[in-house]
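Subject: Structure for your review

Dear colleague,

Please find below the structure that I am handing over to you. My notes on it follow directly after.

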Amino acid sequence: MSLLKALRYFLREALVNLFRGWKVSLLAILTITVSLLVGGAFLLVSRNLLASVERWRGETRVVLYLQPGASPEVLHRLAAEAGRAPWVAAAEAVTAETARRRFQESFPSLSDLVEGLGDEPLPASIEVALRDPGRRPPELRAWLDTWRRRPEVSMVDDDREWLRQIETVAALLRGVGIALAGGLLAAAIFTTASVIRLTAYLHHDEISVLRLVGATEFYIRGPFYAEGFVQGLAGGAIASAALWAAYTLLRLRQPNSLVESLLAAQFLSGAQIAFLILLGGAAGLTGAVMSLRRESL
Amino acid sequence: MIHFFQVTKRYPGGQTALDRVSFEIARGQFVFLTGASGAGKTSLLRLIFREDVPNEGQILVNGRNVSSIPPSKIPYLRRTIGVVFQDFRLIPRKTVFENVTYLPRILGTDSKSQKKLAYAALRRVGLAHRGNAFPLELSGGEQQRVAIARALINEPEILIADEPTGNLDPDLSWEILRLFLEVNLRGTTVLLATHDRDMIQRVGRRVLTLDAGRLVNDQEIAGTDPPRLEALSPATEPAGDSAEAETP
């Protein structure tokens with residue numbers, strides 16, 4: 001029998017077994033689905049968080065807030081000084097008045113808060129755009145520390161600090177997801193192994209006949225391996241579909257929201273979906289191999 | 001065809017199933033293997049198709065030392081030996097046709113040739129019309145005939161039967177025995193284990209007698225009422241697959 005014929009036979013037998021014992025097969029498929037759904041969800045969230053970080057990185061600025069009452073001359077002198085640093089692309093001087101106007105434009109409902117206070121309530125600042133926001137050379141950190149120590153400067157706000165924190169959260173989420181999905185996948189492998197062992201037990205009579213008439217171990221075990229693999233693929237496909245459904249639902253329910261832009265701006269890539277499905281297949285196959293390795297069929 | 005040289009088989013509990021058994025069966029012979037229950041008949045048969053291995057001695061089947069065959073080659077040995085059991089070993093959820101065609105399927109025979117082979121094998125045992133039935137819809141005698149058709153489908157060189165009439169009434173037993181004798185007429189070597197001495201006396205042929213694992217008698221006896229036989233038509237036609245072929 002050619003390998004292709006054998007594989008076709010394995011697949012056909014696997015599908016027959018799946019339909020005959022659909023209840024136990026469903027159990028194995030669902031455990032794989034749950035584990036991959038959890039793993040996929042963490043993957044999706046961390047992917048979106050990291051994508052947001054990348055998007056924001058291009059928009060990050062360093063803001064040097066001056067002491068209240070700093071004169072426009074001081075503001076422009078310091079802005080010019082800041083603009084001369086080699087890592088600075090542009091240094092924009094924002095007067096206290098401009099800052100107040102921007103606040104009122106951004107938050108119209110709160111505009112009363114900054115009205116009628118006499119002096120300008122918001123400090124003047126210098127918005128520094130960096131040439132390469134992704135890089136953080138030691139000279140830049142030293143330069144920012146110098147600004148922090150300047151008497152004219154009240155505070156230095158580096159956007160990239162909280163971006164790094166989000167990156168850490170995303171990495172943490174991914175790690176937790178991998179660990180959680182790994183644990184669940186181990187449970188799924190165990191369940192698949194039990195299901196395959198049960199199926200093999202139910203076919204014990206047929207296996208003894210196959211062995212009697214001269215079937216090879218590959219021919220005897222092949223359908224069970226295929227069954228585990230198909231169960232895993234089905235689990236991976238269902239998990240991917242469920243994940244897509246949850247993603248679509250979130251986008252429909254929370255359009256243009258922070259949650260959507262943070263967690264559901266984009267779905268998993270084709271390669272990631274394929275990986276998820278194949279991971280399911282690999283888990284099912286591992287379960288089948290494990291179950292039959294210890295069994296004398 | 002089958003050579004046993006000082007074969008001893010002991011089971012882990014210390015029980016000796018076979019004790020220095022030696023004999024030789026030539027190609028085309030029909031041999032009865034008899035003895036009381038527990039005499040070692042089944043143990044001897046299991047050694048031939050390498051279901052078990054002897055503790056001592058050598059077994060040659062068709063020139064091959066079966067004790068030293070690597071596990072991966074055992075299937076190829078078994079494809080040359082048809083085996084029939086007392087309990088038929090048919091799969092109840094498979095049709096007669098499916099039960100008979102296990103070996104052709106393993107060999108990758110196409111479905112058209114499988115049907116031809118199955119029809120020929122079932123015709124040979126008089127069950128060509130029951131291909132779509134399930135085993136439990138058949139009588140005991142018919143089930144055993146299906147098991148024989150399964151054993152014969154690829155024209156084995158050797159046919160081994162372990163108490164094939166043990167579950168059947170005398171008339172059916174005689175009918176089944178006739179089948180084995182007719183298969184033998186076509187040149188297949190047959191080794192049939194039975195404790196039915198009346199049947200042996202009636203048919204005649206060579207008889208190996210075991211007692212507590214020892215071969216105590218090896219004689220040719222003349223039958224008192226041998227059946228009239230006709231050589232059966234070939235069970236199979238060339239299907240392009242060899243039982244010895246290396247397959248998955």
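In which sense, parallel or antiparallel, do strand 7 of chain B and strand 8 of chain B pair, and over how many bridges? The two strands pair in the parallel sense, over five bridges. Please keep in mind that this is a predicted model.

**Strand 7 of chain B and its neighbours**

One of the pairs of residues facing each other here is B:Asp162 with its bridge partner B:Ala193, which belongs to strand 8 of chain B. Between the two strands, the chain passes through helix 7 (residues 170–185) of chain B, and this β-α-β crossover is right-handed.

Strand 7 of chain B also pairs with strand 6 (residues 81–85) of chain B; these two run parallel and are joined by five bridges. Here B:Gly82 is found opposite B:Leu159 of strand 7.

Strand 7 of chain B covers residues 158–162, and five of its five residues are buried. In a regular strand, side chains alternate between the two faces of the sheet. In strand 7 of chain B, B:Ile158, B:Ile160 and B:Asp162 point one way, while B:Leu159 and B:Ala161 point the other way.

**An open sheet in chain B**

Chain B also has an open sheet of four strands with antiparallel pairing, in the order 2-1-4-5. Strand 2 (16–25) and strand 5 (64–65) of chain B are at its edges; each has a single partner strand, so one side of each lacks a neighbour in the sheet. For strand 5 of chain B, two bridges connect it with strand 4 (residues 56–61) of chain B, and the two run antiparallel. B:Val61 has B:Arg64 in strand 5 of chain B as its bridge partner.

**Two helices in chain A**

In chain A, helix 1 (residues 3–20) packs against helix 8 (residues 217–253) at an angle of about 60°, and their axes are 8 Å apart. This angle makes helix 1 of chain A oblique to helix 8 of chain A. The crossing of the two helices is right-handed. The residues that meet include A:Phe10, A:Leu11 and A:Leu18 in helix 1 of chain A, and A:Tyr219, A:Pro223 and A:Val230 in helix 8 of chain A.

**A residue in helix 5 of chain B**

B:Ser111 lies in helix 5 (residues 111–124) of chain B. Is B:Ser111 buried or exposed? B:Ser111 is exposed, because 10 other C-beta atoms lie within 10 Å, and a residue counts as exposed at 12 or fewer. The C-alpha atoms of B:Ser111 and B:Thr101 are separated by 9.6 Å, and the two residues are 10 residues apart along the chain.

With kind regards

Methods:
Residues numbered from 1 in each chain as written. Chains lettered and ligands numbered in written order. Predicted model: local features only at pLDDT ≥ 70, side-chain atom pairs only at ≥ 80, totals over all residues. Buried ≥ 20, exposed ≤ 12 C-beta atoms within 10 Å, placed from the backbone. Pairing = 2+ DSSP bridges. Right-handed = clockwise from strand over helix to strand, strands pointing away. Axes fitted to C-alpha atoms, helices over the stretch in contact; angles between N-to-C directions. Parallel < 35°, antiparallel > 145°, perpendicular 65-115°, else oblique. Left-handed = near helix turned anticlockwise from the far one by under 90°. Contact = placed C-beta atoms within 7 Å.
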